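Visitor: I am new to this structure and would like to learn how to read it. Where do we start?

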Amino acid sequence: MVAINGHVTLHRKLFLCVWLWHICFIQTTNGWSAGGLDRRGALQLAQTLLLSSDVASSNPVATAASPPVMPDAQVTDKVFMDIRIARQDGSTYIRDDLPDTFENTVVYIRLKLGLYGKAAPNHVEKFLSYVIPPQDNDMENPFPSYGRSSFPALDQDAGLLRGGYIPSLRLTEVGGSSALSYGARILPAKLWIDRPAVEKLSHSAKGLLTHKNLDATPNFGITTRAAPSLDNTQTVFGQVLWDEETLNWFRLLEDLPTYSVNRPSGYDDFNTGGAASAVYNAQRELFRGAAKSFGDSRIDKIYDGELLRRMEVTQVGRL
């Protein structure tokens, strides 16, 4: 189960309550009201939001949206990734000296994935080679594995959570050919290319596994919304297997801080809708503008979308 089902929803709704009261107070003080919302109406709405937060905290299903419609493709293999999200200070060990807040809580989740072995067989084969890497007698030099990988960025422009980044795995050149270097091992760097299918799968929903067509590394992405603009450059080869835990995890992704000063804000990244999206878009634009006006040079040293809380895979395997 995802740690903290209630914190995320509650802090957003508390923010909305304060915002609604502030707007209503200003409006009634100046003798006018927008949308017919008076002070009593704001209080009633705030009470409703807080009550719904209590229900969501005791009932995780209430915080989760409905699963999106996935492509009509056969799932041939199922795997899992155990994911850990560090505290805002980067720590993951047990601590009792911090306030009980979302920022100070280590989050754990088991992400279940289904692979489309019929639609993208080569992609699935390559992906599985990092789930269950080869074994040999050289125990001091293991093969690269998703079990030691991370999700470093949430690319809001592309609508992708980027994953599969294995520390120390590098693309290099050996004898005039591309190769992957990992510790003392030199591995072939073959592209994840499949023969053209009758109908290539589109990036039509959130929760789809995708890989760049001309990339030989194990880096992959999980769509956070429909992203058909990726169809020409990437290939869909699997999907998230939706359950209550995974739905709550996608909801939690909205609250993970990222460094993204130039991010467009004209859309709802996670298709959650509602007033919260408008409020947070406006808030985000305010801080972006302030950072630019103050000439914060640190912006240039951190890539767009970098997650400011470490998200790492601790274990992988077949289901």
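Visitor: How many bridges join S8 to strand S10, and in which sense do the two run?

Guide: Keep in mind that this is a predicted model. Strand S8 covers residues 208–212 and S10 covers residues 234–240. Five bridges join them, and the two strands run antiparallel. To follow the pairing on the model, take threonine 210, which stands opposite valine 236 in S10.

Visitor: Which other strand pairs with S8, and over how many bridges?

Guide: That is S9, residues 220–223, which pairs with S8 over two bridges, again in the antiparallel sense. Here leucine 209 has isoleucine 222 of S9 as its bridge partner.

Visitor: How many residues of S8 are buried?

Guide: A residue counts as buried when its relative accessible area is under 20%. In S8, four of the five residues are buried, so the rest of the structure largely encloses this strand.

Visitor: Which strands pair with S1?

Guide: S2, residues 107–115, pairs with S1 over nine bridges in the antiparallel sense. Within that pairing, phenylalanine 80 stands opposite lysine 112 of S2. S13, residues 311–318, also pairs with S1 in the antiparallel sense, over seven bridges. There, arginine 84 stands opposite glutamate 312. As for burial, seven of the nine residues of S1 (residues 77–85) are buried, so this strand too is largely enclosed by the rest of the structure.

Visitor: How do I read burial in a helix, and how many residues of helix H3 are buried?

Guide: The general idea comes from the geometry. An α-helix has 3.6 residues a turn, so residues three or four places apart point the same way. Now the case here: H3 spans residues 121–131, and eight of its eleven residues are buried, so the helix is largely enclosed by the rest of the structure. The buried residues are Asn122, His123, Val124, Lys126, Phe127, Leu128, Tyr130 and Val131.

Visitor: Is arginine 162 buried or exposed?

Guide: Arginine 162 lies in strand S4, residues 160–163. Its relative accessible area is 18%, and because the cut-off for buried is under 20%, this arginine is buried.

Visitor: What does the side chain of arginine 162 make a polar contact with?

Guide: Its partner is the side chain of aspartate 155, at 2.8 Å. Leaving aside neighbours within four places in sequence, arginine 162 is also in contact with residues including Ser150, Phe151, Pro152 and Ala153. Lys212, Phe220 and Gly221 are among its contacts as well.

Definitions and conventions. Residues numbered from 1 in each chain as written. Predicted model: local features only at pLDDT ≥ 70, side-chain atom pairs only at ≥ 80, totals over all residues. Heavy atoms only, no water. Buried < 20%, exposed > 50% of the residue type's maximum accessible area, 1.4 Å probe, protein only. Polar contact = N/O pair within 3.5 Å; in protein donor to acceptor, adjacent residues only side chain to side chain. Contact = heavy atoms within 4.5 Å. Pairing = 2+ DSSP bridges.
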